[in-house]
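Me: I have a model to go through with you. Let's take it in short questions.

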Amino acid sequence: MIIAVDGPAASGKGTIARALARHYGLPHLDTGLLYRAVATRVLRDGMDPTREADCVAACDFSDTLLDDPWLRTDEAGQTASIVSAHPLVRSALLRRQRKFAQQPGGAVLDGRDIGTVIAPDADAKLFVKATPAIRARRRHTELAKAGSSVTYDRVLADIRARDERDSSRSTAPLVMAADAAPLDTSTLSIEVAVERAIALVEAQR
Ligand code: C5P
């Protein structure tokens, strides 16, 4: 069984995808980390994230980079959203994601284009969303707990900028697949959101 979980930044898709993977005993891939790894290599090697050729050169990163905590920072996320708009970066990362999706037994993948591009034939597709204000509140609380002094307004502005870039790019933009089930987590606790996600998967498989 392949489960595709898409949605914007801080919508809860990562938490839901991990919970689904545990529930069904499937391996999970957070595909955002792949774009974050490319962004990290581009920045560390002094290259330019707006130059497609620089970003393609950074696509053969080693798997150990995926464990680097810096990948989880907001700066990595913002740069990831710049590098991910290049069509050649997306095609360089496509095979790796498809291979993960097609392993025997299945998999759960979360990202922006899993249900539309990476696994259009997935057995279940969810599109997780929440209002920008709620997503910014969640991300701000997380960052504050980790010791960051960034303001809520800054986090909200970054979320809006990332939404705009991810939705307006011409290759694999952030859109809900026609056959995906929407799940709005704005007013839901994590526990209830996960319960609803399982019910939506059960209804589709
Ligand atoms: O999900 P996460 O916030 O880690 O993703 C970081 C960035 O990587 C996103 O803003 C998006 O631009 C890009 N991304 C993508 N396609 C995916 C996953 C992430 O374009 N499947």
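Me: Which element holds Gly14?
Reply: This is a predicted model, where local features need pLDDT of at least 70, side-chain atom pairs count only at pLDDT 80 or more, and totals for chains, interfaces and linings use all residues. Residues are numbered from 1 along each chain as its sequence is written. Helices (H or I, at least four residues) and strands (E, at least two) are DSSP runs, numbered from the N terminus. On that basis, Gly14 is found in helix 1.

Me: What average pLDDT does the protein have?
Reply: pLDDT is the predictor's confidence in each residue, from 0 to 100. Here 100% of the residues score at least 70. The average is 96.

Me: Is Gly12 buried or exposed?
Reply: Gly12 sits in the loop between strand 1 and helix 1. A residue is buried if 20 or more other C-beta atoms, placed from the backbone, lie within 10 Å of its own, exposed if 12 or fewer, and partly exposed in between. Gly12 has 25 C-beta neighbours inside 10 Å, so it counts as buried.

Me: Why does Gly14 count as partly exposed?
Reply: The class follows from the neighbour count. Gly14 counts as partly exposed because its C-beta neighbours inside 10 Å number 19.

Me: Which residues does Gly14 contact, leaving aside neighbours within four places in sequence?
Reply: Two residues are in contact if their C-beta atoms, placed from the backbone, lie within 7 Å. By that rule, Gly14 is in contact with Asp30 and Asp110.

Me: What does UniProt list Gly12 and Gly14 under?
Reply: The entry is unreviewed, and its list also includes Lys13 and Thr15. UniProt positions are given in the numbering used here, feature names are shortened, and annotations may be inferred rather than shown by experiment.

Me: Which residues come nearest the ligand?
Reply: A residue is near a molecule if its C-beta atom, placed from the backbone, lies within 6 Å of it. There are 14 residues around the ligand. Those that come nearest are Gly32, Tyr35, Ser81, Ser84 and Gly111.

Me: Which elements give two or more residues to that shell?
Reply: Take them in chain order. They are helix 2 (32-44), helix 4 (74-83) and helix 8 (152-168).

Me: Which residues does Ala197 touch, not counting those up to four places away in sequence?
Reply: Ala197 is one of the residues that touch the most other members of the largest nonpolar core. Such a core is a set of buried Ala, Val, Leu, Ile, Met, Phe, Trp, Tyr and Cys residues joined through C-beta atoms within 7 Å. Ala197 touches Ile16, Leu20, Leu126 and Leu183.
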